[in-house]
Amino acid sequence: MGRAVTVATCALNQWALDFEGNLERIFRSIDIAKSKGARYRLGPELEICGYGCSDHFYESDTLLHSFEVLGKLLESPATQDIICDVGMPVLHRNVRYNCRVIFLNKKILLIRPKISLANAGNYRELRWFTPWSKARHVEEYFLPRIIQEVTGQETVPFGDAVLATKDTCIGTEICEELWAPNSPHIEMGLDGVEIFTNSSGSHHVLRKAHTRVDLVNSATAKNGGIYILANQKGCDGDRLYYDGCAMISMNGETVAQGSQFSLDDVEVLVATLDLEDVRSYRAEISSRNLAASKVNPYPRVKVNFALSCPDDLAVPTCMPIQWRHHSPEEEISLGPACWLWDYLRRSKQAGFLLPLSGGIDSSATACIVYSMCHQVCLAVKNGNADVLADARRIVSDETYIPEDPREFCKRVLTTCYMASENSSQDTCNRAKLLAEQIGSYHINLNIDAAVKAVVGIFSVVTGRTPQFSVYGGSSRESLALQNVQARIRMVLAYLFAQLTLWARRMPGGLLVLGSANVDESLRGYLTKYDCSSADINPIGGISKTDLKSFIQYCIENFQLTALRSIMSAPPTAELEPLVDGQVAQTDEADMGMTYAELSIYGKLRKIGKAGPYSMFCKLINIWKEIFTPREVASKVKHFFRMYSVNRHKMTTLTPSYHAENYSPDDNRFDLRPFLYNTSWSWQFRCIDKQVN
């Protein structure tokens with residue numbers, strides 16, 4: 001009868017402008033899909049050029065090279081007898097669109113432009129593309145000559161249409177269209193489309209995966225049908241980690257689940273599903289059928305091809321499965337680790353250098369690198385030849401096989417404890433013990449000589465010597481002396497990153513890792529151009545609260561017992577003099593707020609879109625059991641003063657893994673002024689009026 005259709009979707013680790021690598025990964029996915037019997041192969045959004053090309057989308061070269069890659073795909077025997085659905089930018093009548101190009105046997109069937117563009121948060125698609133606004137309308141697209149020579153076609157359909165094969169009907173959505181309130185799959189389903197495809201460029205955010213899964217399943221729960229989602233995976237050149245999660249769903253239930261975090265550059269999911277299950281599911285939904293009788297039809301592109309075989313009664317079909325979600329602690333362990341691996345191998349460096357202070361943040365960063373080493377060893381054990389080749393190149397040993405995470409960590413991670421006269425022996429011991437347990441190459445050094453030299457230059461020039469406040473100095477003097485220590489650590493971090501391997505008679509240089517968390521960045525509790533200034537920061541988008549939970553996870557899952565004392569110690573910068581040999585300075589006392597409060601401020605400011613007055617109004621209810629309105633007002637004012645005074649630091653913030661939707665990242669996620677009127681006179685007066 002031709003009931004069982006076999007379809008494939010994939011998650012590909014594409015890289016912006018890496019046309020050669022992108023083409024190779026697309027070919028691999030098609031080969032795998034065909035080997036498993038698939039008759040339709042779906043790939044991620046803009047997979048030919050890479051999703052993260054940003055302003056390179058303006059360049060004609062990007063369009064040209066995308067068509068060149070498309071030509072290679074069209075002419076290859078590997079793409080015969082399977083419908084291939086690939087993503088690339090297309091210029092139509094001098095307007096640039098984000099498109100799917102669907103082809104079969106050297107013929108382009110349809111170019112489908114994106115209708116709803118993602119333009120919030122990290123997404124800026126309206127900067128480079130125009131949405132297709134002509135619903136159910138198709139135009140002629142004149143193919144470039146390099147494609148005409150392959151296909152023999154002069155024009156092909158371009159617009160909002162669906163494919164009608166011999167056995168079913170297929171409709172396309174692209175990423176954001178699934179999230180839109182008027183998703184195309186609704187009307188397409190009413191018009192008889194049975195298979196919906198979605199090509200995504202969706203990045204990881206903590207606790208977000210279930211939302212995507214729920215949207216896909218709900219798309220077919222009310223309307224019936226098969227939904228296939230492909231997604232980008234990995235770091236394609238910036239702060240985002242695209243987290244795969246390719247999936248196939250039918251009638252509201254998941255039937256195939258891809259991995260969220262993995263070092264596999266190519267992952268293909270294949271499912272065989274019975275079209276009659278869709279038809280019988282829809283048959284009893286009378287409200288759907290009444291709406292379907294009135295729907296405006298979509299243009300149909302007829303395709304002389306079937307996704308099923310005539311004699312398929314014995315073909316087994318896929319059954320529903322339960323989606324397994326990662327805990328937030330697992331997400332922190334895996335997501336930033338995969339991002340670091342991509343950055344390390346693609347930057348062609350020999351490892352990382354991490355200033356390890358013995359506190360929670362730098363320890364969490366070290367644990368993420370250690371988790372990366374675990375992932376590498378596991379991938380090699382499972383036969384991933386790409387990971388093995390990358391590992392050998394990184395350590396400059398063509399015979400090396402990473403088997404022990406601690407041994408591999410010693411090769412790729414150098415940790416450095418930079419002591420001063422204000423450092424305690426406790427933090428030194430904690431850093432050393434953690435380095436031993438994860439296996440990093442550990443360095444102990446003292447920065448006092450460098451600090452004295454820098455302050456000495458100032459004293460010679462000005463004739464004055466600044467003092468810490470505990471010795472009678474002003475707060476300005478004390479802060480300057482703290483900043484000198486912090487900035488010298490940054491200078492030394494880069495010096496050791498460049499020359500440590502050279503001193504050990506090994507090739508290559510190291511990437512410097514930063515370890516400021518999202519809350520400290522929001523508050524501005526960091527020295528500009530200190531150790532937070534690094535090449536990349538894997539925890540810059542993660543809250544202190546989540547990092548503490550992650551540390552506990554590492555204690556239990558990696559048996560890193562050194563983390564117990566790190567967890568129990570109060571967070572401290574250790575930049576002020578010790579009192580009786582003990583640390584007197586703590587982060588929360590310095591900041592004038594707790595990390596838990598900072599997380600709340602951050603979520604209200606960014607996610608809740610709250611200015612000072614709105615934040616006060618919300619917090620007097622949230623905190624009504626613990627603070628008076630006057631105390632709430634004081635806290636809100638203090639936060640906004642500190643936030644606005646320090647906002648300039650965000651302009652130089654180290655590129656960080658994006659993990660939280662309240663990140664203050666100034667690059668493109670959280671666009672704000674960096675010169676504020678920090679008195680907030682009008683706003684604070686409104687608060688005072690309500691307090692009174």
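Trainee: Okay, which helices each supply at least two residues of the lining of the second largest pocket?
Mentor: Helix 5 (176–179) and helix 21 (595–607) each do that. Keep in mind as we go that this is a predicted model.

Trainee: Got it. Which helix gives the largest share of that lining?
Mentor: Helix 21, with 3 residues.

Trainee: And how much space lies in that second largest pocket?
Mentor: About 620 Å³. Its lining is made of 27 residues, and the closest to the centre are Gly121, His203, Val205, Asn661 and Phe669.

Trainee: How do the lining residues divide into nonpolar, polar and charged?
Mentor: There are 10 nonpolar, 8 polar and 9 charged residues in the lining of the second largest pocket.

Trainee: Switching to charges, then. How many salt bridges does a search of the whole structure find?
Mentor: The search turns up 36. As background, side chains of opposite charge can pair when their charged atoms come close.

Trainee: Show me one. What does Asp665 meet in a salt bridge?
Mentor: The side chain of Arg239, at 3.6 Å from N to O. Asp665 sits in the loop between helix 23 (629–646) and helix 24 (681–691), while Arg239 is in the loop between strand 11 (226–234) and strand 12 (242–243), so this pair ties together parts that are 426 residues apart in sequence.

Trainee: Are those two buried or exposed?
Mentor: Both Asp665 and Arg239 are buried.

Trainee: Which residue forms a salt bridge with Arg345?
Mentor: That's Asp265, and the closest N and O atoms are 2.9 Å apart. This pair also links distant parts of the chain, 80 residues apart: Arg345 belongs to helix 10 (residues 328–347), and Asp265 to the loop between strand 14 (253–257) and strand 15 (266–274).

Trainee: Why does Arg345 count as buried?
Mentor: Because its relative accessibility is 9%, and buried means under 20%. Asp265 is buried as well, with a relative accessible area of 7%.

Trainee: What about Glu330, which residue does it form a salt bridge with?
Mentor: Arg324, with the closest N and O atoms 3.1 Å apart. Here Glu330 counts as buried at 16% relative accessibility, whereas Arg324 counts as partly exposed at 47%.

Trainee: Which residues do salt bridges with shared partners join into one network?
Mentor: Arg605, Lys606, Arg647, Asp666, Asp670 and Arg672.

Trainee: Off to the surface. Which residues form a nonpolar patch there?
Mentor: Ile457, Val460 and Val461, and together they have about 350 Å² of accessible area. Ile457 is part of helix 15 (residues 448–462).

Trainee: Is Ile457 buried or exposed?
Mentor: Exposed, because its relative accessible area is 57% and the mark for exposed is over 50%.

Trainee: Last topic: how far apart are the C-alpha atoms of Asp386 and Asp264?
Mentor: They're separated by 8.0 Å, though the two residues are 122 residues apart along the chain. Asp386 is found in helix 12 (residues 385–395), and Asp386 is partly exposed, with a relative accessible area of 27%.

Trainee: And where is the place of Met506?
Mentor: Look in the loop between helix 16 (475–503) and strand 20 (511–512). Met506 counts as partly exposed at 32% relative accessibility. From C-alpha to C-alpha, Met506 and Ser396 are 8.6 Å apart in space, and in sequence they are 110 residues apart.

Notes:
Residues are numbered from 1 along each chain as its sequence is written. This is a predicted model: local features need pLDDT of at least 70, side-chain atom pairs count only at pLDDT 80 or more; totals for chains, interfaces and linings use all residues. Side-chain values use heavy atoms; hydrogens and water are left out. On a 1 Å grid over the protein atoms alone, a cavity is a set of points where a 1.4 Å probe fits but cannot get out, and a pocket is an open set with protein on both sides within 12 Å along at least five of seven lines; lining residues have an atom within 4 Å of a point. Grid points are joined across faces, edges and corners, and a volume is the space filled by probe spheres set on the points. Helices (H or I, at least four residues) and strands (E, at least two) are DSSP runs, numbered from the N terminus. Ala, Val, Leu, Ile, Met, Phe, Trp, Tyr, Cys and Pro count as nonpolar, Asp, Glu, Lys and Arg as charged, and the others, Gly among them, as polar. Patches are made of residues with over 30% relative accessible area and no salt bridge: like charges are joined within 9 Å, nonpolar side chains (Val, Leu, Ile, Met, Phe, Trp, Tyr) within 5 Å. Accessible areas come from the Shrake-Rupley method with a 1.4 Å probe; for residues, only the protein chains shown count as cover. A salt bridge is a side-chain nitrogen of Lys or Arg within 4 Å of a carboxyl oxygen of Asp or Glu. Buried means under 20% relative accessible area, exposed over 50%, partly exposed in between (1.4 Å probe, protein chains only).
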